[in-house]
Amino acid sequence: MSSAGKKSKALDAPKGNSKALLSEAFDKDLYDSGDKYSGYNTSIAVRDEDEDMDDVGEINGRRLVAQYTATKDQLNEFAHGDTEEADILMSREEQAQIASRETDYQRRRFDRRLSPSGEEKRSYKEVMKERELEREEARVKRLIEEREAKGNEVLDHVPTLKDGANGTVAVNGDKTPPMDKSTRRKRRWDVTNEEEPTGEETKKEDRRDSTSVEERSKEEVKKERGTKKTKWSDATPAADAAMAATPAPDAPVRSRWDTTAAPTTIAGPSPSPGVVPGPVAPMMSFGTDISSRNAPLSDEMLDMMLPKEGYKILTPPPGYEPLRRPVGIPQLPTGYNGFLLPEEGPSNLMGKQLPTEIPGVGDLQFFKTEDMKYFGKLVDGADENEMTVDELKERKIMRLLLKVKNGTPPMRKTALRQLTDNARQFGPGPLFDQILPLLMERTLEDQERHLLVKVIDRILYKLDDLVRPYVHKILVVIEPLLIDQDYYARVEGREIISNLAKAAGLTHMISTMRPDLDHNDEYVRNTTARAFAVVASALGIPALLPFIRAVCRSKKSWQARHTGVKIVQQIPILMGCAILPHLKDLIECISENLNDEQPKVRMVTALALAALAEASAPYGIESFDNILNPLWTGARRQRGKSLAAFLKAVGYIIPLMDEEFSNYYTGQIMDTLIREFQSPDDEMKKVVLKVISQSAGTAGVTPTFLKDKVLDEFFKHFWVRRMALDKRNYRQVVETTVDLAQKSGVPEIVGRIVKNLKDESEAYRKMTIESIDKIISTLGASGLETRLEELLVDGIITAFQEQTVEDPIIIDGFATVMNALGERARPYMTQIVAIILARLNNRSPSIRQQAADLISRITFTMSKCDDDPHLVLLSQALYEYLGEEYPEVLGSILGALRAIVTVVGLHAMQPPVKDLLPRLTPILRNRHEKVQENTIDLVGRIADRGPEFVHVREWMRICFELLEMLKAHKKGIRRAANNTFGYIAKAIGPQDVLATLLNNLRVQERQSRVCTAVAIGIVAESCAPFTVLPALMNEYRVPELNVQNGVLKALSFMFEYIGEMAKDYVYAVTPLLEDALIDRDQVHRQTAAAVVKHLALGCIGLDCEDAMIHLLNLLWPNLFETSPHVIDRIIEAIEGIRNAVGTPLVMNYIWAGLFHPAKKVRQPYWRLYNDAYVQSADAMIPAYPHFEDEVIRRHELDIFI
Amino acid sequence: MADKLRAQQQLEALQARFVGVGHPDTTKFEWTSNIARDSIASYIGHPPMLQYMSIGLGQPKEKTRIQLIERMIQPVGKPPAKEV
């Protein structure tokens, strides 16, 4: 900060001391939204963090007051950014609300109000007039503000050609950002002068606008200066003039709305921050509402309290009207919270105050305080018989909406259906009057919004052109969805708007949205532009083109032009390459705006061109021909933010060009680019890096050009330690470096950065390694000469050893380089192995783990270098460390061992496999997933390749351990264990393994039994079925349901695996299946049906039809099972048999029931018929019944030769 | 309820792909029409079958084919009058 700034600050201090006035409300900045956005750059992209805000605290940061405390920055250190902690005080309920995760910009949707219900009667002209008024008003207000801000000082000279946001020149980067005078000081003024006549208005106008009208306002200020004495007196007439034009003088902005907005059904639109129209939202909290205590006692309660006999229930005397107040409506003044004990007992949590059951709705999932505002009517206990049809309709809709919003899924479904089906009867008015205010509710949660949006979507279809009068209202509610963080919300918003456009028609959409195009509020313009883009994609770009063209050339207001160009920018983002046919027209629309007098319009035009070029790549350069020159010359003239935009456009257009053009145009822009290398602005850095990598990718840019012009500067400005500290810059730099390497070659780039591997900054080393990793993995290391190679390996080893935070990036880089070097890595192996061995012995577990990980990555290269002695050395070391206690490390060690076994082979393995495996057996018991996965992999490999190295008894022991593994959560582990059973069974014969497995069928857990069944299937497959089947069938005789089921399941898997081999066993298993299919237990029959299915499919065309028919006869009566799993298996089995014996035979069974008098019978028969028809319709032709009736008889079949 | 709805939707999806599939309330007229059309399509789709029929009818194959295709229009007569 300049010394002048400091001085003025010091002078201010006594005046604006920070002692609180007693008369001043502390929550002023919460409720008086007056200055809320004054310090903000409101043009900030929605989801980006606002970097410009960082310095705001510092502007006022140092106050010379008599209070010593930590600075704001220190206090807030952990409140923002990466270090931010979740606020535990914020209840979960609130976290779920959409509003809680919205940015300030997005929250501005609450500033928009639904148009009054009389909107449909207002003409387009009236709406336009109103907008005009609003703009004028804002202008005047801005003017007043500026006067206030500047006070009576002599006006500073303000450069007229300012770019970017709110006048801070920070974007330019070469100047210190000047203090924003209008922010803090002014507020203090306003606070102390509350009797000030104009009153503080909600001020939502765009700060960016201030630059635009600066000149105008200055002139007027000067003009007025002559006549006015104080700023107060001159402010009033200006405001008065504005007020006189509006109907209601006390609240100028809201005037019209307040007068016409009849509070709709219950509360009307959700109350906007300042003025609350209609009833005030009940501010209730748990326990404060005493109305339920005063509610009439229910009959059940009376029954409980009074004796059953001796009492009589009297009918109330005629004419008696009980005075009933609705339950749940608070009786105390709003805002009264009473005393709350801060405890959450279950009684409090139950929330007796809020009904969970609404008459006529049933049990809801939840009911919130806010819901009372909208659905309170339902509990007022009024008599429905006395209501008019409209009132009844309203209540009906209310009930359905409540069911949709708060109900259980089945309730929701039926309610939604009813709403949809009756949409036209209800009419658009009553429907939208209730739905839209709900959507504007502040406490809305994602789920609720989704459901309500769904309702709108459905009823839009039904209402069709009836929605027309409500288009604007719907847009106000739906447009904010277009800039939601949630992708699905955006998609939903798009869908609604495109349906709306289709229903209402183009002309109506245009006339409704036109007034918003040059709306005073930037937020409105932004969302409107996005909505227009959606309309364009729904109704086709050509239909909208004339309108867009007109808007982009609007003479009246630059806001309209800005929005018009923004529409063109949004269209390609939305539609992608579908814009190609209209590319020329779209560019034509905006080409003139590139030289607009408004910097913001120029900027958005450049951004639009960038979006168009990005969407149309790699085609369409001819459409850009006209704007190339203005763009390039313009780029030389711009500064700051708009230069960034221009460069972005340049970057996206260059890749479209052919060779010579891209060469020429890159040369033209390169000077500017290189100049901007030194810009301190992050945004600019990002753009410059992007453009560099884009232009490096084109054919026209030669390696020599890069080397001569770009590389030196690039490395000078971007390969600095500072860049490695910021995540985003880091990524960009790495990407660009890789792109440059693609063009200029590996040695050129690696040679320049290799020295950074020994830098003292760890982040910088990491950035270097990541770049090298990416470059070498795509381009290989063949270009590296010996010296560079040495430097590289040396550097990487240093970086590896020096790391303090273990990061996978370093290992990746290490492995990539070693693998790329291949045999050339031999000289370094000794050193590397020594380092690894040392690190394996380290005290820190993560270092040990990393060393082991590195081994598994480079074993392949080591074997390529014929470095077996070293491998053996490593494996012996690893073997020593099998006693490792950290599971993560143990997992990595096992992984490394496996990698060594893979390259060395089992025979050459040292220590020999017969020593290694017994060490692994106890490790199998480890429950850690990584350990399990790696051991089972290693054991499986040994069992597969070299079972003979190990004694049979050891394998049996492993079998027992493997059974435990079948309980693992991870599917991969269970599968590996099952396969290992197969290998072991093959190695030592199935008998022992099978006995173990069959015993395991008796255990309790289902998952274990299922896996055992699978394992038996696998064993049967690998050792031939006849070795397994006798024992298996014998096991079926155990009179225990689980075992029998397990046997059936094992059979099912077995037949699935062995396929055609099944034909030899059909007659053997048929008696068993007979028994299973007529069992009482339906799961039994279900599993048997699964066996039949696989059996039947296995022996198609293999002459087992008799057995199949026999099984079919047993299956058929199960057709009427209702449990979905059972019936599905049965039907599948019948289908399997149909394939085995041929369709006609099975059709004979089906004909019997197709037209049975009972529908319950017809149903499953038709299901079978349909399945047969879908799978083998042609085979059914000969099987169709023979009709005697002349008309339907198939005479062709009577032809004989 | 939900199950029934799903079954209904599945059937509709199936019917969109395969005209001939039926449901418990298929009428005789619909079913026999489908049978007739499927049969004719099958005769035409198997050239040896078509050849056989043509020889039996003593006319060229093409003529039989045309005749068969023509027969696909209301193969089992007019649809039954709708009850009001």
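In which loop of chain A is Asp1103(A) found? Asp1103(A) sits in the loop between helix H54 (1082-1098) and helix H55 (1105-1115) of chain A. Helices here are DSSP runs (H or I, at least four residues), numbered from the N terminus.

## About the model

This is a predicted model, in which local features need pLDDT of at least 70 and side-chain atom pairs count only at pLDDT 80 or more, while totals for chains, interfaces and linings use all residues. Residues are numbered from 1 along each chain as its sequence is written, and chains are lettered from A and ligands numbered from 1 in the order in which they are written.

## Positive phi angles

Phi of Asp1103(A) is near 70°, a positive value in a residue other than glycine. Asp1103(A) is exposed, with 9 other C-beta atoms within 10 Å.

Asp464(A), also not a glycine, has a positive phi of about 50°. The loop that holds Asp464(A) runs between helix H21 (446-463) and helix H22 (471-478) of chain A. Asp464(A) counts as partly exposed, with 16 C-beta neighbours inside 10 Å. A residue is buried if 20 or more other C-beta atoms lie within 10 Å of its own, exposed if 12 or fewer, and partly exposed in between; C-beta atoms are placed from the backbone.

## Cis peptide bonds

The peptide bond from Ala617(A) to Pro618(A) is cis, with omega near 0°. Pro618(A) lies in the loop between helix H29 (599-616) and helix H30 (625-637) of chain A.

Gln910(A) and Pro911(A) are joined by a cis peptide bond with omega of about -10°.

How values were computed: Helices (H or I, at least four residues) and strands (E, at least two) are DSSP runs, numbered from the N terminus.
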